[in-house]
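Reader: I have a model open and would like to go through it with you. Can we start once it is on screen?
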Amino acid sequence: MQYTWNDIDRHIADCTQCALSRTRHRPVMGRGNRQADLMLIAEAPGAQEDQQGIPFVGSSGEILDRLFWDCGLSREEVYITNILKCHPPGNRDPKEEEKEACVPYLKYETFLLKPRIIVCLGRIAAQRIISPDFRITKQHGTWTYRKDCALTATYHPSAILRDSAKYEAVKKDFLEIVRKQAEFHQQKFKKE
Ligand code: SF4
């Protein structure tokens, strides 16, 4: 069966596939431009996202917006989502069974979006999406290619909140992401 964006939104809104459905306030669906070629994937919504039902609000969202501003990006041109759509209490790491239950939604989002670039925000997303042994400290900013899609990872904005020295490293990764995006646009322009 071919799902639409509306189908996914509806399924997530009513989802009880894992125990987080009993503790969440609101599920947090992906947001942004559903025609975007750039997809950002983090691990799970935080406490403020859980209250508002919107990804990357609060302090992490402010850091992300500052990074976007510094790198010439805007939320309107990207699609942002999480592996888990519901907040794990106390911001603990997602459990394996929760990721397994929720990842089909991410697969549908990716299928519908068909991004040219996927950016994993943080270790947990990188280990789920790129490679189980991905080491964020050593490998952030490196690229992997699958079919027509380039994948990379950088630190989650919350890591910058804990250690502001990471800001410049993440900004450098994002500037490279913007450069890669421009390269894809040029290739597309040449083909057309
Ligand atoms: S985390 Fe995912 S699988 Fe679990 S209840 Fe929320 S939407 Fe459903």
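Reader: Is K147 buried or exposed?
Author: K147 is exposed, with 5 other C-beta atoms within 10 Å.
Reader: What do I need to know about the model and numbering?
Author: This is a predicted model, where local features need pLDDT of at least 70, side-chain atom pairs count only at pLDDT 80 or more, and totals for chains, interfaces and linings use all residues. Residues are numbered from 1 along each chain as its sequence is written.
Reader: Back to K147. What is its phi, and where is it found?
Author: Its phi is positive, about 50°, although K147 is not a glycine. K147 is in the loop between β5 and β6 (149–154). Strands are DSSP runs of E with at least two residues, helices are runs of H or I with at least four, and both are numbered from the N terminus.
Reader: And F56, buried or exposed?
Author: F56 counts as buried because it has 26 C-beta neighbours inside 10 Å. F56 also has a positive phi, near 55°, and lies in the loop between α2 (47–52) and α3 (58–71).
Reader: Ligand next. How many residues surround it, and which are the closest?
Author: 14 residues surround the ligand, and the closest are C15, C18, S21, C86 and C102. A residue is near a molecule if its C-beta atom, placed from the backbone, lies within 6 Å of it.
Reader: Which helix gives the largest share of that shell?
Author: Helix α4 (residues 96–113), with 3 residues.
Reader: Where does α4 bend?
Author: At C102, by about 40°, and a proline, P104, follows within four residues. The bend is the angle between axes fitted to the seven residues ending there and the seven starting there.
Reader: Which residues of α4 are buried?
Author: They are E98, A101, C102, Y105, L106, E109 and L113.
Reader: What comes after the helix?
Author: K114 follows α4 and has a positive phi, near 50°.
Reader: Changing topic: what order do the strands take in the sheet?
Author: The 6 strands form an open sheet in the order β1-β3-β2-β4-β6-β5, with mixed pairing. Two strands pair if DSSP finds at least two bridges between them.
Reader: Which strands stand at the edges?
Author: β1 (31–32) and β5 (144–146) do; each has a single partner strand, so one side of each is left without a neighbour in the sheet.
Reader: In what sense do β2 and β4 pair?
Author: Parallel, over 4 bridges. L40 stands opposite V119 in β4.

Key:
A residue is buried if 20 or more other C-beta atoms lie within 10 Å of its own, exposed if 12 or fewer, and partly exposed in between; C-beta atoms are placed from the backbone.
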